[in-house]
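Trainee: I would like to learn how to read salt bridges in a model. Could you walk me through them?

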Amino acid sequence: AYTLGASARAIEAISAWVSANTAPPDRLLTPWPEAVYLRTGRTGVNYEPPAVGSESPLRGPPGRFTATHVLSDHITVLVSGGPETNAAREIAGVLAACPGSVEPAARPRGSAFPQYYRVTGRRLRCLGRLADADSVR
């Protein structure tokens, strides 16, 4: 579970990296996209979406949620806030299913998280198949 202090530090770290390493047209898949937007002006989608009823948008094969948003929302940067997050699970799923579709981006020294990835624009067909996947692995 996150505490307010930990969340505030993570938002600050993500916002600083986004400001230094992205351009205005970049679109993010990140935790706390609203806070990151207020600090950077970069738009994005939430990697920790709330469940609607009993259905989580993250249900299904790891990576499907990410692939869907990369393609439909033109996401260019993925941000994982920590090792036990939906984002980490999703990014690992994309890396396993579609190698080369995303690549790690530089991050500040001495910091394991947040982790940043750039969508390469390669392997879009693979991402399309992952986005359409219905079975749970």
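**Reading the salt bridges**

Mentor: Happy to! This is a predicted model, where local features need pLDDT of at least 70, side-chain atom pairs count only at pLDDT 80 or more, and totals for chains, interfaces and linings use all residues. Residues are numbered from 1 along each chain as its sequence is written, and side-chain values use heavy atoms, leaving out hydrogens and water.

Trainee: How many salt bridges does a search of the whole structure find?

Mentor: Side chains of opposite charge can pair when their charged atoms come close. A salt bridge here is a side-chain nitrogen of Lys or Arg within 4 Å of a carboxyl oxygen of Asp or Glu. The search finds four. One of them joins E12 and R39, at 2.3 Å from N to O. That pair links distant parts of the chain, 27 residues apart: E12 in helix 1 (residues 4–21) and R39 in helix 2 (residues 33–40). Helices (H or I, at least four residues) and strands (E, at least two) are DSSP runs, numbered from the N terminus.

Trainee: Which parts does the pair of R118 and D26 tie together?

Mentor: Their side chains meet in a salt bridge of 3.1 Å, N to O. R118 lies in strand 5 (residues 115–119) and D26 in the loop between helix 1 and strand 1 (27–30), so the pair ties together parts 92 residues apart in sequence.

Trainee: Is D26 buried or exposed?

Mentor: Buried means under 20% relative accessible area, exposed over 50%, and partly exposed in between (1.4 Å probe, protein chains only). D26 is buried at 10%, whereas R118 is partly exposed at 27%.
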